[in-house]
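Here are my notes on two elements of one chain. Please read them with the model open.

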Amino acid sequence: MYGMLKRVIFFTLLAGLWQLLFWLGMWPEYVLPSPVSVGKTLARGFHDQSLLIGVAISMKRIAIGYGISLGVGIFAGLLIGRFRIFEDTLGSLISGLQTLPTICWLPLSLLWFGLNDKAIIFLVFMGAVLSIATGTDSGVKNVPPLYIRAAKTMGAKKWKLYLEVIIPAALPHIIIGMKQGWSFAWRSLMAGELLIVCLGLGHLLMLGRELNDMSQVIAVMLVIILIGILVDRLFFIKVERHIRERWGLIKS
Amino acid sequence: MSEGVGVDNLIELNYVEVDGGQRASKAHSVKPDLRVQHVSKSFQSKNGTVYVLEDINLEINQGEFVCLVGPSGCGKSTLMNIVAGLEQADSGDVWANGRRIQGAGPDRVVIFQEAALFPWLNVIKNVEFGLKLQGISSRERRNIALEYLKMVHLTKFQNSHIHELSGGMKQRVAIARALAMNPEMLLMDEPFSALDAQTRWILHYELQNIWMKTKKTILFVTHNIREAVCLADRIFILSTSPGRIKKEFAIDLPRPRDDNDVNVAEYSTRIMQELKAEIDKVVRCEMDADSCVECDIKCTSVEPVKTDIGGGI
């Protein structure tokens with residue numbers, strides 16, 4: 001509660017400083033809009049639903065792209081973590097690809113899928129899948145062999161061994177990979193939407209730039225930050241906390 | 001002992017009649033539940049081949065409680081792993097309940113030194129784990145799990161997280177988890193060696209009670225002779241490098257036994273004398289030699305002599 005209060009005071013002061021800079025009139029309004037006008041733009045965006053539609057479209061893209069990358073990434077990570085042949089081949093491909101910023105896939109993506117949703121979803125997928133695969137890989141490699149031996153003597157075999165023991169035991173690492181994958185996916189989504197004109201939050205931001213409406217640009221930026229924080233708070237932090245409690249890594 | 005066991009390295013079988021000797025004779029009329037035949041195992045190390053087990057032969061009858069005792073590094077855990085199906089022998093066969101074993105299976109559940117409970121599941125779900133693998137309905141497996149949690153007196157903790165339990169409680173949950181699967185036999189690999197003396201004392205009682213109630217065949221590995229005497233019907237002493245069965249003892253004392261009982265202590269002393277030579281071997285190996293090959297040669301060729309550990313350091 002006390003921490004929350006500190007945060008509220010800090011951000012109020014920040015907004016105050018911003019308003020002060022605006023009042024000083026050092027820059028024209030089309031360069032630095034006031035917090036009030038940004039607030040108005042936000043309200044208008046929610047009222048005429050343009051922002052909401054943008055959010056919905058972006059969320060749909062990331063949900064699809066991230067969903068696919070979850071499936072593919074965890075599967076690939078399991079293969080790499082358990083089988084030497086995949087570690088030597090697929091594993092080295094993935095660590096190589098990780099050095100490549102996702103947006104570099106844009107030209108190929110456009111060529112393969114055209115100027116549409118699929119191209120952006122592909123970017124989202126490429127953004128997330130590598131982190132999820134490496135997270136799963138390290139999770140699988142860190143499963144204590146004792147768990148696997150114990151499960152085997154209780155009759156766990158093949159896919160049941162994976163489903164009931166290896167994946168749950170690797171979960172703390174998988175979650176870390178998922179979290180990193182999410183932030184890469186979110187960045188790739190925005191990059192894609194800025195460059196490909198097809199609605200979404202990134203497109204709204206670009207529209208603001210084209211109309212020289214900086215308050216819209218900042219408003220969209222705020223929404224992007226807000227969604228990022230919400231996903232982190234509502235999902236990842238909760239899941240991580242839950243796992244840490246279960247495993248006894250923190251005192252609950 | 002039934003015939004067919006290679007007894008060339010079985011030096012002596014002592015039956016000490018303390019309490020009528022009924023149990024021992026009864027146990028021998030039952031068919032063997034586990035038969036280990038000519039099992040050998042070696043590893044390649046930097047210093048050459050290490051013979052961990054050499055021509056191990058033993059039979060364990062149904063419902064019998066058998067302890068394997070030996071100094072550290074004598075291969076008793078390796079033998080346990082081979083029986084469990086977690087490791088493969090270089091040669092020889094293991095038969096469990098009339099079938100030649102191939103890999104691990106729920107008829108031979110292992111209880112390890114560390115409880116190996118799964119931290120992502122709470123206590124009761126850990127106990128249910130094996131049953132879930134067998135596809136038993138959630139209601140039925142809950143009932144079975146509760147029954148065995150009750151046997152180890154931990155129903156109060158059924159919803160606890162694993163990290164909230166003490167070491168002794170964890171081992172009791174592990175025992176409940178193994179028993180819930182109704183295995184042919186329990187394989188226990190130094191399950192109490194990481195516990196403090198008081199907890200171990202309690203668990204010796206508890207394990208004996210459980211064994212008398214369930215009549216499971218138990219193969220129990222330990223380096224603690226007192227523990228072995230307290231628990232076992234029969235004790236196999238393993239020698240070290242290479243691991244061989246050196247001697248077999250039948251313990252015929254009334255149950256439940258207490259670690260501190262005079263008879264238990266007396267048996268322990270006698271067995272300790274047998275084991276002394278083996279321990280000396282280990283001591284000399286670990287203290288004198290700078291390479292293991294050399295020590296292997298020394299150990300096997302030279303007759304063990306008394307070493308004054310205190311003065312030698």
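This is a predicted model: local features need pLDDT of at least 70, side-chain atom pairs count only at pLDDT 80 or more; totals for chains, interfaces and linings use all residues.

Residues are numbered from 1 along each chain as its sequence is written, while chains are lettered from A and ligands numbered from 1 in the order in which they are written.

1. Helix H3 spans residues 123-133 of chain B and is mostly covered. Eight of its 11 residues are buried (20 or more other C-beta atoms within 10 Å of the residue's own, with C-beta atoms placed from the backbone). Among them are B:Val123, B:Asn126, B:Glu128 and B:Phe129. The cover includes helix H4 (138-151) and helix H5 (167-180) of chain B. Helices here are DSSP runs of H or I, at least four residues; strands are runs of E, at least two.

2. Strand E10 of chain B (residues 234-238) has five of its five residues buried. Side chains in a regular strand alternate between the two faces of the sheet. In E10(B), one side carries B:Arg234, B:Phe236 and B:Leu238, the other B:Ile235 and B:Ile237. Both faces are covered.

3. E10(B) pairs with strand E4 (residues 65-69) of chain B in the parallel sense, over four bridges (pairing requires at least two DSSP bridges). B:Ile237 is the bridge partner of B:Val69.

4. E10(B) also pairs with strand E11 (residues 245-250) of chain B, antiparallel, over five bridges. B:Leu238 has B:Ile245 as its bridge partner. Their hairpin has six residues between the strands, and B:Ser241 there takes a positive phi near 30 degrees.

Notes:
A residue is buried if 20 or more other C-beta atoms lie within 10 Å of its own, exposed if 12 or fewer, and partly exposed in between; C-beta atoms are placed from the backbone. Two residues are in contact if their C-beta atoms, placed from the backbone, lie within 7 Å.
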